[in-house]
Amino acid sequence: MESLPTVLLKPGEADRILAGHPWIYHGEILRLTAQVGDGELVQVKDHRQRLLGTGFYNSKSKINVRLLSPERITPNEAFFEERIRTALSVRQKHMPGATSFRVVNAESDFLSGLIVDKYEDVLVVQISSLGMERRKKVIIPALQAIFSPRAIFERSDVASRKFEGLEEANGLLVGEHNGPMAVNLNGLKFETDLVGGHKTGMYLDQQANYQAVSQFAKGGQVLDCFSFLGGFGLHAARAGATHVHLLDQSADAIEASKRNAANNGLAGGCSFEAINVFDWLKANTAVKPHERVVPRFDLIILDPPSFTRNRASVPDALRGYKEIHLRALKLLKPGGTLATFCCSHHVSTELFQDTLLSAAYDTRHVLRRVATYAQSPDHPIIPMIPETEYLKGFAFELVR
Ligand code: SAH
């Protein structure tokens with residue numbers, strides 16, 4: 001351990017690290033005490049030689065060091081097994097009974113560059129840093145020791161790998177699995193494509209919110225916008241909605257959500273449309289001069305993809321958010337509920353709420369906030385690491 005190369009930080013750069021943030025940027029480094037190969041383990045010290053932690057080095061990345069621990073550690077199979085077991089126990093505590101969930105959420109679990117999702121008895125890993133890529137040979141056995149999974153897939157087809165000097169990678173690593181997978185969320189089955197689906201197959205981060213939002217559905221007309229596999233819509237149907245209409249521009253997603261409705265015995269109360277939500281909302285709120293839109297929904301869910309990937313595109317994204325809220329509010333009955341989500345890290349909770357209040361102002365509606373939402377607890381938020389917080393949502397009742 002004594003022979004570990006040391007990364008010395010410039011004066012004044014240690015505070016964020018001491019507070020628990022795991023990234024060290026190139027510009028914060030004073031010097032290296034020895035030559036370090038990319039992907040290798042280093043120790044990090046402040047300019048007074050006080051140990052700040054150990055982590056993986058990569059000169060190619062803007063993030064030169066991703067810390068794993070404030071202490072000296074050896075990132076072997078035993079280390080990963082212990083870390084992953086700790087992460088698993090957080091999920092078991094906060095999501096008792098769940099059988100599909102994110103086991104490891106990178107920085108949220110102090111494993112920057114590693115994501116592990118559990119879909120019933122199959123695991124999907126996503127590796128986005130060189131350090132983790134090099135340790136795949138100890139990470140996979142650690143996962144096998146903990147879960148004895150039927151199969152492990154890799155879904156490292158993320159663009160961010162190129163910033164680490166890595167190619168995209170996809171495929172079966174262990175075991176056997178073919179075709180779609182039946183994933184159980186809150187007692188409903190969702191057919192999921194682990195090989196080609198969004199993210200690592202589906203949006204596990206909404207699992208708790210599907211259930212929470214469905215409490216507003218009983219006896220009502222429901223509109224699920226950006227429905228994907230039908231997560232919100234089918235939970236609403238099960239909760240006793242009179243009817244649920246699901247909208248997604250992807251014909252494949254709509255077909256999958258139809259099968260999901262049928263497999264859960266909910267097809268009777270659902271209708272589906274493969275269409276652009278902006279177009280649908282526009283067409284359904286278009287009126288002649290002096291006519292008014294007749295509100296017809298008791299619950300409208302808006303869960304769009306992130307309209308922005310960077311800070312520069314935030315104004316455009318806000319215009320998009322405002323537009324869908326404006327039109328959705330026109331279709332919502334008085335006393336009805338608008339459940340709305342924003343998954344962009346670059347749009348803060350305050351900014352998101354301001355945007356929808358500005359839509360309410362334009363339509364002269366008054367809203368009562370009845371719930372606030374965040375990502376499910378298997379995507380833990382570490383406030384000292386702001387990058388771990390991205391999904392926010394609200395339920396608003398239409399007062400008038
Ligand atoms: N509510 C879903 C997640 C939505 S992800 C869930 O919980 O699983 C975003 C979805 O929006 C994707 O399925 C994508 O096909 C769809 N989408 C993106 N832009 C769209 C648009 N303009 N109109 C309709 N659907 C859109």
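Reader: Before anything else, what does buried mean here?
Author: Buried means under 20% relative accessible area. This is a predicted model, and buried residues make up 53% of its 400 residues.

Reader: How many helices and strands are there?
Author: The protein has 10 helices and 20 strands.

Reader: What about overall size? What does the C-alpha trace span?
Author: About 75 × 45 × 35 Å along the principal axes.

Reader: And the radius of gyration, what is that for the protein?
Author: It is 23 Å. A compact globule with 400 residues would be near 21 Å, so the value agrees.

Reader: What share of the contacts with a separation of 6 or more is between residues 24 or more positions apart?
Author: Those pairs account for 63% of them.

Reader: Surface next. How much of the accessible surface belongs to carbon and sulfur atoms?
Author: 51% of it, out of about 17700 Å² for the protein.

Reader: Now the ligand. Which residues come nearest?
Author: There are 16 residues around the ligand. Tyr-210, Phe-226, Asp-248, Val-277 and Asp-303 come nearest.

Reader: How does that shell split by class?
Author: It has 9 nonpolar, 5 polar and 2 charged residues.

Reader: How much of the ligand's accessible area does the protein cover?
Author: 92% of the 580 Å² that the ligand has on its own.

Reader: Switching to single residues. Where does Glu-28 lie?
Author: In the loop between strand E2 (23-25) and strand E3 (29-32).

Reader: Buried or exposed? Glu-28, I mean.
Author: Glu-28 has a relative accessible area of 11%. That is under 20%, so Glu-28 counts as buried.

Reader: What does its side chain make a polar contact with?
Author: The side chain of Arg-16, at 2.7 Å. The Glu-28 side chain also reaches the backbone nitrogen of Tyr-25 at 2.9 Å. Beyond neighbours within four places in sequence, Glu-28 is in contact with Leu-9, Lys-10, Glu-13, Arg-16 and Trp-23.

Reader: Pro-70 next. Buried or exposed?
Author: Pro-70 is at 58% relative accessibility, so it counts as exposed. Its place is the loop between strand E6 (63-69) and helix H2 (77-94).

Reader: What does Pro-70 touch?
Author: Leu-51, Leu-52 and Gly-53, not counting residues up to four places away in sequence.

Reader: How far apart in space are Pro-70 and Gln-126?
Author: 24 Å, C-alpha to C-alpha. In sequence they are 56 residues apart.

Reader: And Phe-396, which strand is that in?
Author: Strand E20, residues 392-398. Phe-396 is buried, with a relative accessible area of 3%.

Reader: How far apart are Phe-396 and Arg-369?
Author: 27 residues in sequence and 4.4 Å in space, C-alpha to C-alpha. Arg-369 is one of the contacts of Phe-396; others include Gly-336, Gln-353 and Val-370.

Reader: Last one. Where is Asn-105 found?
Author: In strand E7, residues 101-105. Asn-105 counts as buried, at 10% relative accessibility. Among the residues it touches are Arg-91, Asp-378 and His-379.

Terms used: Residues are numbered from 1 along each chain as its sequence is written. This is a predicted model: local features need pLDDT of at least 70, side-chain atom pairs count only at pLDDT 80 or more; totals for chains, interfaces and linings use all residues. Side-chain values use heavy atoms; hydrogens and water are left out. A residue is near a molecule or strand if one of its heavy atoms lies within 4 Å of it. Accessible areas come from the Shrake-Rupley method with a 1.4 Å probe; for residues, only the protein chains shown count as cover. Ala, Val, Leu, Ile, Met, Phe, Trp, Tyr, Cys and Pro count as nonpolar, Asp, Glu, Lys and Arg as charged, and the others, Gly among them, as polar. Helices (H or I, at least four residues) and strands (E, at least two) are DSSP runs, numbered from the N terminus. The radius of gyration is taken over C-alpha atoms; the globule rule is 2.2 Å times the number of residues to the power 0.38. Buried means under 20% relative accessible area, exposed over 50%, partly exposed in between (1.4 Å probe, protein chains only). Contact means heavy atoms within 4.5 Å. A polar contact is a pair of N or O atoms within 3.5 Å; within protein, one must be able to donate a hydrogen and the other to accept it, and residues adjacent in sequence count only if both atoms are side-chain atoms.
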